[in-house]
Amino acid sequence: MSRSGSDWYGEIFEVRLGAPGHGGFCVARHEGRVLFVRHGLPGELVRAQVTEDRGGSFCRAEAIEVLEASPDRIPATCPVSGPGGAGCCDFAFATPAAQRALKASVVAEQLRRLAGWEPEITVESIGPAAEFGGWRSRVRLAVDAQGRAGVHAFRSTDVIADLRCPQPMPGAMDGIADRKWTPGAELVVAVDGDGTRHLIELAPAEVDFAGGRGGRDRRGQYGGSGRAGGTGRNGGSARGGSSGHADARAGNGGRRGGDRRSTAARRAAAHSERPERIVEGDGRAVQYVGGRRWELSATGFWQPHYGAAQRYSDVVAEWSDAAPGALAWDLYCGVGVFAARLGDQVGAGGEVHGVEFARSAVADGKASLRDMRQVELRAERVERWITEQPTLAPDVVVLDPPRAGAGKDVINALTERAPRRIVHIGCDPASFARDLGLYQSAGYTPSTLRVFDAFPSTHHVECIALLER
């Protein structure tokens, strides 16, 4: 008999795991209900303990014992992320090849279901030498009530004071566990392109459960106000955490999944402007892409994988195919990494317009691109900026929107301008696929796709598509 109306929190079931789902789990079924089971691989027989049950058609669980193991299973490379642990390394127990196959399966399913597109998918490694760790150049840590730095437990505000995850680059975590920090604060660690480590403590966030936002003004201790980190893809627009340690997971998991209003309030507070205290470095991270030097706030966003910005920039340069004198747009441009590559292509006689909501990113980008008169960066909302533009069609448009995707308003406004080609980038397969479906409804066809394993041992990927009319 189905127990779909029952509360299964804490119960343990023996289940056979099926296909991977978007979010780092495999799908299983028990007595008519779906279980999203973490820490398992397709085909494995496991004992799964329910960790969250909201009472609907599905619940969340963790594989606490593997009865029949997949041949792709290896000893876990991350001691922090197993059952009851952090959300950093979803697939630390699978071979790199198996991880990429799981991600390819998830991307294929999202594209098929949401965009009606079934391309052949190969998930490419960015840095084979870092497949088991040492790839993350930027990390955001929480500080518990005892002043210990750590990571958030999966879907929880609880802090695990254990910094042994292999994701960070060598030396990034040195000495952090040996110190006491301000309880409730967060630490941003950034290893820049010169190998310099910047370590910054962000003041504790004040959570406004009514309004959902707040920032503690403690200028005497922290020395000034700064952005909270977790911002755009190449140094700009606000996004959710991309994986594990960088993701301040705001909702407590458990029997009913936590209070959604308190979750939203904590998430808003985490990304509000908060005073900063520079502990190491000077707070200005230097980065290099395409032979050009950028300098930006260490608490602003740069691609976490040390090789990702260069790899994506190379793809954009290859696909954009902008002729000298052409008009190009770089939407959600951050500090202008892609705008610079477009500027090289269009030359002094062309125009590149970059649009980014984060004013600090635009200021950093303008300083880094001051020699490129053909490139203009603006701090404005993308959807508003597009509607204000003349009807002249841009030759190429590059978009790298937040995790939630560009969405209907932006894509409708963009396709009305009828650019010749569009390069669309997304770090979430579901929102990426939804956006591609919107382009197709407007008459664009996705012609090429590349998917990168930019976050090894996690379920995250980066997708780039070329669309043409």
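Biologist: Ala322: buried or exposed?
Modeller: Ala322 counts as buried, because its relative accessibility is 8%. Buried means under 20% relative accessible area, with a 1.4 Å probe and protein chains only.
Biologist: Where does Ala322 lie?
Modeller: In the loop between α4 (308-320) and β17 (327-331). Helices (H or I, at least four residues) and strands (E, at least two) are DSSP runs, numbered from the N terminus.
Biologist: What is Ala322 in contact with?
Modeller: Leaving aside neighbours within four places in sequence, Gln345, Val346, Asp395 and Val396. Contact means heavy atoms within 4.5 Å. Val396 is 74 residues apart from Ala322 along the chain, yet their C-alpha atoms are separated by 6.6 Å.
Biologist: What kind of model is this?
Modeller: A predicted one; local features need pLDDT of at least 70, side-chain atom pairs count only at pLDDT 80 or more, and totals for chains, interfaces and linings use all residues. Residues are numbered from 1 along each chain as its sequence is written, and side-chain values use heavy atoms, leaving out hydrogens and water.
Biologist: New topic: α9. Which residues of α9 are buried?
Modeller: Pro429, Ala430, Ser431, Phe432, Ala433, Asp435, Leu436, Gly437 and Tyr439.
Biologist: And what covers the buried residues of α9?
Modeller: The cover includes α1, α8 (407-416) and β22 (445-453).
Biologist: What caps the N-terminal end of α9?
Modeller: Asp428 does. One of its side-chain oxygens lies 3.1 Å from the backbone nitrogen of Ala430.
Biologist: What follows α9?
Modeller: Gly443, whose phi is positive, near 100 degrees.

Definitions and conventions:
Buried < 20%, exposed > 50% of the residue type's maximum accessible area, 1.4 Å probe, protein only. Polar contact = N/O pair within 3.5 Å; in protein donor to acceptor, adjacent residues only side chain to side chain.
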